[in-house]
Amino acid sequence: MLGEMREDGQNSPRMPTERPSSADPLARLPHGDGFRFVDAVKEFSPGVSGQGVYTITGSEDFFRGHFPGRPIMPAVIMVEALAQLGGVVVQSDPDSVALTDMRLTAMRNVKIFDTAVPGETLTLRARVLGRLGNLIQLEGEVECAGRMLVTAQLTLSGQTPETAS
């Protein structure tokens, strides 16, 4: 899930062990324009929680088929947005080493309550529930205009720098 930007501008699947400044927490995301679902981080407590936003433009590629003539934001993309925000929070933890090759590895209790359409702005919230070695448990929610859209518990995992090769 998280990685680092190479000199040629391409994403690498590895996350550097040094952390970018918390002034720009999104610098931790390797995702490019076509697959970044967090536009800005509005509230941020490194290693604990974060709140971000994503505005659905309608130009996202998945809208060509989901659904023609009646585009709605796929709920699985909303879950991905929570994982991205959660990864930013986790990789910023000043008390833990940054993990390499961070990925979304489990989803539990995912509930989809409503949909969102182009032109709407999603509010994303992620909170770390616990960490055991390279496994991180998160909970998150997606809201839009006061409507709860998605709630989920997610697990992220990665490699500690000494075990990554």
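This is a predicted model: local features need pLDDT of at least 70, side-chain atom pairs count only at pLDDT 80 or more; totals for chains, interfaces and linings use all residues.
Ser-92 belongs to the loop between helix α1, which covers residues 75–91, and strand β5.

The side chain of Ser-92 has a polar atom that lies 2.6 Å from the backbone oxygen of Val-89.

## Helix α1

Helix α1 consists of 17 residues. From its first C-alpha to its last, α1 reaches 24 Å, which is close to the 24 Å expected at 1.5 Å a residue. In general, an α-helix has 3.6 residues a turn, so residues three or four places apart point the same way.

How much of α1 is covered? The helix is mostly covered, as 16 of its 17 residues are buried.

## Aromatic pairs

The structure contains four aromatic pairs. One of them joins Phe-35 and Phe-37 in an edge-to-face arrangement, with 4.9 Å from centre to centre and 75° between the planes. The edge-to-face label applies because planes over 60 degrees apart are classed in this way. Phe-35 is partly exposed, with a relative accessible area of 39%, whereas Phe-37 counts as buried at 2% relative accessibility.

Another pair is formed by Phe-62 and Phe-63. Here the ring centres are 4.7 Å apart and the planes make an angle of 55°, an arrangement described as tilted. Phe-62 has a relative accessible area of 22% and is therefore partly exposed, while Phe-63, at 8% relative accessibility, counts as buried. Ring pairs also bring these residues together in a cluster, which links Phe-35, Phe-37, Tyr-54, Phe-62 and Phe-63.

Strand β5 runs over residues 100–112 and includes Ile-112. Is Ile-112 buried or exposed? Ile-112 has a relative accessible area of 54%, so this residue counts as exposed; the class requires a value over 50%.

Ile-112 also takes part in a nonpolar surface patch, together with Met-107 and Val-110. The area of this patch is about 280 Å².

## Summary

Ser-92 lies in the loop between α1 and β5, and Ile-112 lies in strand β5 itself. Among the aromatic residues, Phe-35 is partly exposed and Phe-37 is buried; likewise, Phe-62 is partly exposed and Phe-63 is buried.

Definitions and conventions: Residues are numbered from 1 along each chain as its sequence is written. Side-chain values use heavy atoms; hydrogens and water are left out. Patches are made of residues with over 30% relative accessible area and no salt bridge: like charges are joined within 9 Å, nonpolar side chains (Val, Leu, Ile, Met, Phe, Trp, Tyr) within 5 Å. Accessible areas come from the Shrake-Rupley method with a 1.4 Å probe; for residues, only the protein chains shown count as cover. A salt bridge is a side-chain nitrogen of Lys or Arg within 4 Å of a carboxyl oxygen of Asp or Glu. Helices (H or I, at least four residues) and strands (E, at least two) are DSSP runs, numbered from the N terminus. Buried means under 20% relative accessible area, exposed over 50%, partly exposed in between (1.4 Å probe, protein chains only). A polar contact is a pair of N or O atoms within 3.5 Å; within protein, one must be able to donate a hydrogen and the other to accept it, and residues adjacent in sequence count only if both atoms are side-chain atoms. The expected span of a helix is 1.5 Å times one less than its number of residues. Rings of Phe, Tyr and Trp (its six-membered ring) pair if their centres lie within 6.5 Å; planes under 30 degrees apart count as stacked, over 60 as edge-to-face and the rest as tilted.
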